[in-house]
Amino acid sequence: MTEAAQPDTRLTRRADGRLFAGVARGLADHLGLDLLIVRLAFVLLTVAGGMGVAAYAAFWVLVPQREEPAGRRDWLQLAAYGALIAGLSSVTWSRGVAQVALWPLLVCGIGCAILWQQADRDQRQRWVRTTTMPLRRMWLRSLVGMALVLAGIGGFVFQQLDAGQASGHEVRQILVATVVILAGVAMIATPWVLRLWQDLDAERRERIRSQERAELAAHVHDSVLHTLTLIQRNAADPREVQRLARSQERELRSWLYAPRADPDQTLAAAVQKLAGEVEDDHGVPIEVVCVGDCRLDDRLAAMLQAAREAMVNAAKYAGAESVSVFAEVEGEEVAIFVRDRGKGFDLDAIPPDRMGVRGSIIGRMERNGGKATVRTAPGDGTEVRFEMKRS
Amino acid sequence: MRRVVLVDDHQMFRTGVKAELGESIEVVGEAGDVDEAVAVISGTEPDVVLLDVHLPGGGGIEVLRRLQGATSARFLALSVSDAAEDVIGVVRGGARGYVTKTISGPELTAAIGRVADGDAVFSPRLAGFVLDAFAATDVPAVDPELDQLTQREREVLRLIARGYAYKEIAKELFISVKTVETHVSSVLRKLQLSNRHELSRWAAARRLV
């Protein structure tokens with residue numbers, strides 16, 4: 001009810017979207033209630049002693065009509081409410097056993113009215129088309145359905161004629177008549193209901209699709225567009241541009257292709273993540289290849305930390321264009337190789353107080369029951385090999 | 001002089017590659033989709049085709065399928081995609097190697113030369129995929145000749161995956177570069193001909209992991 005937000009708070013009858021005189025719609029806008037509730041209230045008041053008619057008439061006379069172009073009246077809906085009133089009235093007038101049959105119909109009717117109410121004009125037109133077209137096409141089925149409905153109603157009328165002496169036999173007859181009516185209605189309505197169902201299904205699928213589109217757009221916006229902006233602003237710094245492009249590429253790739261693995265859970269995903277972090281921090285591309293995979297535990301996490309240290313060293317000190325990382329799980333063996341083609345160094349020449357390689361790489365691996373081997377020579381690059389048995 | 005055809009649907013990428021390729025390479029034709037590629041390759045009969053994996057009209061694999069047996073050109077697949085199913089698919093379709101588009105000009109020139117000589121070109125990533133696909137399983141091999149890698153082939157692949165060049169591998173294993181090439185070609189043959197369950201199912205399963 002967007003109209004409810006309008007500054008004009010005076011109660012008016014609506015010309016746009018009215019069914020009869022616009023009273024219910026005006027009231028709904030004014031009270032901020034759903035139109036359907038107001039209309040049903042009028043219907044119920046009308047059925048319960050005619051109060052509704054009186055109230056409606058009073059509003060009609062006393063409340064001014066809003067100045068607005070009159071919309072097209074939805075005659076079908078008006079008819080639906082008319083039928084509702086007629087049906088409910090007949091219930092209150094022909095008390096007793098007749099109610100047994102009418103209540104299900106009533107519930108159906110209200111349900112249909114609600115559906116109808118919620119649909120937009122296109123949908124309504126489509127529903128009407130799908131109801132009348134099969135009627136014309138599948139005339140045999142429709143004919144049978146009609147006949148059943150007529151037979152059922154005939155049974156009722158017959159029943160009404162000598163009401164008063166209701167016995168068990170008659171109750172059974174009425175039940176039969178009810179079943180016949182319902183069967184007829186079902187037969188006529190089946191294609192319509194089917195169509196309705198398909199409609200809902202199609203709508204759901206369309207909704208999922210548009211959600212996916214929105215997700216994609218949001219992702220592209222948050223990541224790719226953002227990075228492109230940063231690249232333009234850093235155009236003078238080729239190293240930064242390369243770092244941004246690599247980082248974005250990695251992120252987009254993992255979003256597009258990577259199986260959704262949790263880096264806190266599995267080795268391969270953890271290695272990829274680590275390498276990505278080091279690459280971002282130090283601006284040197286790190287190529288990662290993983291073969292096999294396994295679950296992470298504390299010892300493997302320590303191994304990863306040691307490998308990270310080696311990657312950082314390679315990125316920081318080797319001066320290589322790129323670093324290669326290979327992680328393999330084969331049977332019980334886990335191996336990680338970190339290799340660069342940089343300057344290399346003389347392992348024996350490292351002073352004993354320098355903890356980088358000895359402490360956080362070799363020592364850490366040994367404490368956790370693994371092994372790290374450093375192979376390097378000045379000018380010949382560096383390769384650190386990590387090995388550990390799975391626990 | 002190697003005669004090369006470039007097949008890629010991005011004009012900008014083709015221009016970039018052309019500018020980067022060395023003196024020893026002559027680009028004799030370009031194509032932007034499958035139909036064009038088939039026509040250009042049949043018309044020019046190049047030594048090597050640089051084939052993009054993702055192409056309008058069915059992808060690189062469709063080009064390979066249509067030209068099967070009809071050309072003597074050798075194919076080197078080139079892609080931005082790291083998806084295993086793309087890589088394995090195009091190699092099984094007949095490509096003699098696979099490199100990613102981030103490869104540098106000189107490296108690409110060298111790879112073209114190697115493919116033209118009838119050898120295979122494996123990027124570290126492709127080597128990783130192959131090791132994965134031929135990982136030891138409990139399932140007995142139907143054809144051990146094709147369905148299993150030898151110990152030596154495994155070693156070579158591992159070194160490729162670790163970032164070693166062929167020359168470095170030869171030094172590491174005390175063999176000649178020619179022998180390394182022989183091993184890699186043998187792996188390629190197994191990759192293309194093996195009916196190993198993993199190879200046909202692998203790509204699909206990979207997505208579900």
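Two residues count as being in contact if their C-beta atoms, placed from the backbone, lie within 7 Å. The model is a predicted one, in which local features need pLDDT of at least 70 and side-chain atom pairs count only at pLDDT 80 or more, while totals for chains, interfaces and linings use all residues. Residues are numbered from 1 along each chain as its sequence is written, with chains lettered from A and ligands numbered from 1 in the order in which they are written.

Ser324(A) sits in strand 2 (residues 323-330) of chain A; helices (H or I, at least four residues) and strands (E, at least two) are DSSP runs, numbered from the N terminus. Why is Ser324(A) buried? Ser324(A) has 22 other C-beta atoms within 10 Å, and a residue is called buried if 20 or more lie within 10 Å of its own C-beta, exposed if 12 or fewer, and partly exposed in between, with C-beta atoms placed from the backbone. Across chain A, buried residues make up 23% of the 391 residues.

Chain A holds 12 helices and five strands. An open sheet of five strands in chain A runs in the order 1-2-3-5-4, and its pairing is mixed; two strands pair if DSSP finds at least two bridges between them. Strand 1 (286-291) and strand 4 (370-376) of chain A stand at the edges with a single partner strand each, so one side of each has no neighbour in the sheet. Further in, strand 3 (residues 333-340) and strand 5 (residues 382-389) of chain A pair in the antiparallel sense over eight bridges, and Val334(A) has Met388(A) of strand 5 as its bridge partner.

Then there is the meeting of the two chains. Here 14 residues of chain B are in contact with 12 residues of chain A. On the chain B side, helix 6 (residues 124-133) gives the largest share, five residues.

Chain B has some pairing of its own. Strand 1 (residues 2-7) and strand 2 (residues 25-31) of chain B pair in the parallel sense over six bridges, and the partner of Arg2(B) in strand 2 of chain B is Ile25(B).
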